[in-house]
Amino acid sequence: MYRYLFFDLDGTLTDSKAGILNCLRYAFEKLGEPVPPEDTLLAFIGPPLQDSFMRYCGFSPELAAEGIRLFRERYVPVGKFENAAAPGMADLCRRLKERGYVLALASSKPEELCVPICEKFGFAPSLTVIAGSPPESDWEKSDVIRETMRRLHLEEAQKDEILMVGDRKFDVLGAMECGIGCVGVEFFGYAAPGELEDAGALAVARTAEELEHWILTH
């Protein structure tokens with residue numbers, strides 16, 4: 001039986017597409033680089049920005065770092081709120097907390113951005129911990145999961161009680177690296193077809209109701 005539920009943010013608790021894509025276009029334009037097609041921009045939703053700039057655009061580490069700086073130049077004041085809660089997820093989190101589950105956010109997004117987003121969209125009261133990357137860093141998912149465990153004072157022996165919930169293979173693989181299971185969600189279609197299953201997700205839920213049923217029966 002799971003007791004601790006770790007949630008990703010972008011694509012899981014919220015639909016962050018508009019804010020992320022607008023800020024990516026801003027960054028590419030400021031860099032004087034061609035703006036990639038939307039399919040490429042959508043691939044940025046989920047993994048650390050540094051990895052995405054290098055993997056999808058061929059940027060050097062230095063140019064990727066400048067891309068991140070420009071992205072956040074718009075994202076911090078404006079883009080983070082070009083966002084919406086995933087349908088049913090705020091209510092689901094409240095119900096799960098009432099049932100005695102311990103909920104936490106484990107996101108690669110900078111923590112200083114995660115906190116106001118969770119507050120604005122009604123998730124913060126349900127979350128015992130809101131963990132994200134440190135300032136000026138983009139942690140891998142496994143780093144954030146370990147930090148979330150540390151803040152909750154969870155030991156190795158309790159890993160069977162922890163479940164990660166995320167929308168991309170990076171959530172599944174990061175959870176596996178830490179020795180915990182992950183359920184995938186396909187609320188907005190940001191993952192490629194079969195991505196979550198191929199990565200090793202325990203299950204894939206397409207609505208908050210499906211996710212709730214899976215959690216309550218496992």
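The largest nonpolar core holds 52 residues, and Leu5, Phe7, Leu24, Phe53, Met89, Phe123 and Leu211 touch the most other members. Helix α1 (residues 17-31) gives the largest share of this core, six residues. A nonpolar core here is a set of buried Ala, Val, Leu, Ile, Met, Phe, Trp, Tyr and Cys residues joined through side-chain atoms within 4.5 Å. Buried means under 20% relative accessible area, exposed over 50%, and partly exposed in between, with a 1.4 Å probe and protein chains only. Helices (H or I, at least four residues) and strands (E, at least two) are DSSP runs, numbered from the N terminus.

This is a predicted model: local features need pLDDT of at least 70, side-chain atom pairs count only at pLDDT 80 or more, and totals for chains, interfaces and linings use all residues. Residues are numbered from 1 along each chain as its sequence is written, and side-chain values use heavy atoms, with hydrogens and water left out.

Phe53 is in contact (heavy atoms within 4.5 Å) with Leu24, Phe28, Phe44, Gly58, Phe59, Ala64, Gly67 and Ile68, leaving aside neighbours within four places in sequence. A second, separate core has 24 residues, including Val102, Leu154, Met164 and Ala175.

Ala175 is also one of the buried residues of helix α8 (residues 169-177). Just after α8, Gly179 takes a positive phi of about 80 degrees.

**Cavities and pocket**

The search uses a 1 Å grid over the protein atoms alone. A cavity is a set of points where a 1.4 Å probe fits but cannot get out. A pocket is an open set with protein on both sides within 12 Å along at least five of seven lines. Lining residues have an atom within 4 Å of a point. Points are joined across faces, edges and corners, and a volume is the space filled by probe spheres set on them.

Two cavities of 30 Å³ or more turn up in the whole structure. In the table, Ala, Val, Leu, Ile, Met, Phe, Trp, Tyr, Cys and Pro count as nonpolar, Asp, Glu, Lys and Arg as charged, and the others, Gly among them, as polar.

| Space | Volume | Lining residues by class |
|---|---|---|
| Largest cavity | about 210 Å³ | 10 nonpolar, three polar, six charged |
| Second largest cavity | about 50 Å³ | five nonpolar, two polar, two charged |
| Largest pocket | about 220 Å³ | five nonpolar, two polar, five charged |

The largest cavity is lined by 19 residues. Asp10, Gly46, Pro47, Leu49 and Lys109 lie nearest its centre. Both α4 (61-75) and β4 (102-110) give two or more residues to this lining. β4 gives the most, with four.

The second largest cavity is lined by Gly11, Asp167, Val185, Glu186, Phe187, Phe188, Gly189, Tyr190 and Ala191.

The lining of the largest pocket includes Gln50, Arg69, Arg72, Pro110, Glu136 and Asp138. α4 and α6 (111-120) each give two or more residues to it. The largest share, four residues, comes from α4.

**Ser133**

Ser133 is found in strand β5 (residues 127-133). Ser133 counts as buried because its relative accessibility is 2%. A polar atom of its side chain lies 2.5 Å from the backbone oxygen of Ser108. Leaving aside neighbours within four places in sequence, Ser133 is in contact with Ser107, Ser108, Lys109, Pro110, Glu111, Asp138 and Trp139. Among them, Pro110 and Asp138 also line the largest pocket.

Methods
Polar contact = N/O pair within 3.5 Å; in protein donor to acceptor, adjacent residues only side chain to side chain.
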